[in-house]
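This briefing covers the ligand shell, the strand pairings and a few single residues of one protein model. Please look over the sequence and the model before reading the points.

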Amino acid sequence: MRLPAFGYLEPSTVEDAVELLAINPGAEIIAGGTDLIPNMKRRQISPSTVIALGTIDGMSGIQVDDDGGVTIGALTLLHDLAASSEVPAALASAAAEIGSPQIRNVATVGGNLCLDTRCGFINQTESWRLASGLCLKADGDVCWVAPKGEECVAVSSSDLAPVTVALDAEVGLVGPDGSRTLAASDLYRSDGIDHLGKSADEIVTALTVPPRPRWRTGYRKLRRRGTIDFPILGVAVAVEVADDGRVKDARIVLGAIAPAPMRMRQAEEALVGSRLDAEAIERAAELAAKPVRPYDNVDLGSRYRKWMAPVFITRALQDLR
Ligand SMILES: Cc1cc2nc3c(=O)[nH]c(=O)nc-3n(C[C@H](O)[C@H](O)[C@H](O)COP(=O)(O)OP(=O)(O)OC[C@H]3O[C@@H](n4cnc5c(N)ncnc54)[C@H](O)[C@@H]3O)c2cc1C
């Protein structure tokens with residue numbers, strides 16, 4: 001597969017990048033390019049111009065803040081995030097399971113957070129899609145996965161996304177109106193096409209994780225092969241344990257089953273006040289898995305993924321004991 005022709009710009013500051021985005025309608029940002037380039041080769045998107053962030057200084061690195069939180073530059077490589085002992089365990093372990101070593105040596109945190117949604121009907125060559133019929137996400141007028149619905153159900157397949165929601169993290173954004181922060185939970189929208197809660201002309205500059213001294217965090221991922229494959233279910237858990245050993249607060253967030261990460265509040269509430277024993281974990285896993293209704297649009301069957309949800313939630317919570 002060959003790339004289509006496109007213009008290539010290398011700004012030296014994030015402000016310049018924002019300006020270039022504004023004066024080049026239809027331009028796309030590129031960081032590591034491990035998602036954008038395959039999508040361009042498949043003609044899922046055909047930007048006239050690609051604006052590279054790699055030449056901008058000061059957007060990578062992991063820094064412990066004065067309050068004990070951590071700020072991670074958007075251009076930080078996934079390899080460095082996976083190797084960091086300064087970030088919460090869930091973040092490092094999710095990063096370590098993304099793609100392969102080659103991908104993690106090029107791919108960035110910002111690119112992962114902004115990863116396009118995936119679906120068996122869109123992640124195909126252009127000739128395949130033309131032969132089978134175009135879909136809502138690229139130039140068609142029907143969703144082949146849920147033809148009766150009016151929305152695209154392509155899946156949020158970022159491993160970091162559910163973790164950032166579970167950690168109550170925030171992203172730093174720079175756009176034409178200046179800079180702002182946005183809660184990670186607001187960065188994701190339940191729409192397979194318009195899946196990000198930031199505007200297209202805003203650039204993610206950093207991810208900030210608040211201090212969590214008493215929290216235990218973890219991540220479990222279901223995929224066909226033990227490496228390379230995208231998640232077809234991701235379970236991010238974070239639990240605050242009080243001095244008496246009981247759960248004070250909890251987060252259970254599922255990824256790769258819907259266009260946005262899903263927070264399972266009923267299960268979280270059920271954990272609060274209990275010890276992380278087998279009974280409490282079983283009850284929480286049952287409650288968290290109940291609303292899971294994956295579509296048949298990524299690898300392996302939707303029934304299998306639904307069946308595996310309580311198994312993986314249980315394992316993720318057991319890891320925290
Ligand atoms: C074989 C293979 C396996 C993979 N496996 C996984 C996996 O297991 N889990 C997983 O989560 N992903 C996986 N990926 C997808 C991808 O490699 C990662 O998600 C990676 O982190 C994307 O980062 P990047 O820097 O390469 O992003 P890019 O490809 O450069 O960009 C991705 C998207 O984010 C936008 N973007 C990038 N940076 C910014 C920014 N700072 N601000 C605003 N927008 C931005 C781009 O415009 C683009 O739309 C896989 C990819 C391949 C090819």
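Buried means under 20% relative accessible area, exposed means over 50%, and partly exposed lies in between, with a 1.4 Å probe and protein chains only. By that cut-off strand S8 is mostly covered, since six of its seven residues are buried. Helices (H or I, at least four residues) and strands (E, at least two) are DSSP runs, numbered from the N terminus. The model is predicted: local features need pLDDT of at least 70, side-chain atom pairs count only at pLDDT 80 or more, and totals for chains, interfaces and linings use all residues. Residues are numbered from 1 along each chain as its sequence is written, and side-chain values use heavy atoms, with hydrogens and water left out.

**Ligand shell**

- The ligand is surrounded by 34 residues, and the closest are Ile-29, Gly-33, Thr-34, Thr-108 and Asp-159; a residue is near a molecule or strand if one of its heavy atoms lies within 4 Å of it.
- A polar contact is a pair of N or O atoms within 3.5 Å; within protein, one must be able to donate a hydrogen and the other to accept it, and residues adjacent in sequence count only if both atoms are side-chain atoms.
- From an oxygen atom of the ligand, a backbone N or O atom of Ile-29 lies 2.6 Å away.
- The side chain of Asn-112 has an N or O atom 2.8 Å from an oxygen atom of the ligand.
- For Ser-157, a backbone N or O atom lies 3.2 Å from an oxygen atom of the ligand.
- Of the 980 Å² of accessible area that the ligand has on its own, the protein covers 91%; accessible areas come from the Shrake-Rupley method with a 1.4 Å probe, and for residues only the protein chains shown count as cover.
- Strand S2 (28-30), helix H6 (109-113) and strand S8 (203-209) are the elements that give two or more residues to this shell.
- Domain 1 (1-52) and domain 2 (62-114 + 155-319) each supply at least three residues of the shell; the domain bounds come from an automatic or database domain assignment.

**Strand S8 and its partners**

- Two strands pair if DSSP finds at least two bridges between them.
- S8 pairs with strand S5 (residues 70-73) in the antiparallel sense over four bridges, and Gly-73 stands opposite Ala-206 in S8.
- S8 also pairs with strand S6 (residues 170-175), again antiparallel, over five bridges; here Leu-173 stands opposite Val-204 in S8.

**The four-stranded sheet**

- An open sheet of four strands runs in the order S9-S10-S11-S12, with antiparallel pairing.
- Its edge strands, S9 (215-222) and S12 (262-263), each pair on one side only.
- Strand S10 (residues 233-241) is joined to strand S11 (residues 247-255) by eight bridges, and Val-241 has Val-247 in S11 as its bridge partner.

**Loop residues**

- Glu-202 is in the loop between helix H9 (184-187) and S8, and counts as buried because its relative accessible area is 9%.
- The side chain of Glu-202 makes a polar contact with the side chain of Arg-180 at 2.8 Å.
- Ile-193 also sits in the loop between H9 and S8, and counts as partly exposed because its relative accessibility is 40%.
- Ser-274 lies in the loop between helix H10 (265-271) and helix H11 (278-289), and is buried, with a relative accessible area of 17%.
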